[in-house]
Amino acid sequence: MLYTCVCKHCFKVFRSRIQTMCCKECRGTDDNQFDDIEQYLKRYPNSNALQISEELGIHPYVILKYLDEGRLNVSHGTFQKLED
């Protein structure tokens, strides 16, 4: 069985034996962007998609797709007020 997929980076339609959101040509870009996001979140763990997008220049759509894929997780923490 082949799935019809759409690459989240170049929007190319392609066929694959597994459901994936990235074509072979964009796999390197995808891995690099994910590594950048992962490193950013280690430094700034309470960041949201817009903050990550502004800092790294990655479209928020791509960041949210990582959530859809299950590669990123949402954490519901608490915020504390910093003292002046």
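Predicted model: local features only at pLDDT ≥ 70, side-chain atom pairs only at ≥ 80, totals over all residues.

Residues are numbered from 1 along each chain as its sequence is written, and side-chain values use heavy atoms, with hydrogens and water left out.

I begin with helix α1 (residues 27-43), whose axis comes within 11 Å of that of α2 and crosses it at roughly 115°. The two helices, α1 and α2, are therefore roughly perpendicular to each other. In their contact (heavy atoms within 4.5 Å), D36, I37, Y40 and L41 of α1 meet Q51, I52, E55 and L56 of α2. By class, this contact of α1 with α2 has five nonpolar, one polar and two charged residues.

How do α2 and α3 pack, and at what angle? Helix α2 (residues 49-56) and helix α3 (residues 60-69) pack at about 130°, with axes 9 Å apart. That makes α2 and α3 oblique to each other. The contact involves A49, L50, I52 and S53 from α2, with P60, I63 and L64 from α3. Here the contact residues of α2 and α3 comprise six nonpolar, one polar and no charged.

Finally, the loop between β1 (3-6) and β2 (13-16) contains F11. The phi of F11 is near 60°, a positive value in a residue other than glycine. At 54% relative accessibility, F11 counts as exposed, a term that requires over 50%, with buried under 20% and partly exposed in between (1.4 Å probe, protein chains only).

Notes:
Axes fitted to C-alpha atoms, helices over the stretch in contact; angles between N-to-C directions. Helix = DSSP H or I, 4+ residues; strand = E, 2+ residues; numbered from the N terminus. Parallel < 35°, antiparallel > 145°, perpendicular 65-115°, else oblique. Nonpolar A, V, L, I, M, F, W, Y, C, P; charged D, E, K, R; others polar.
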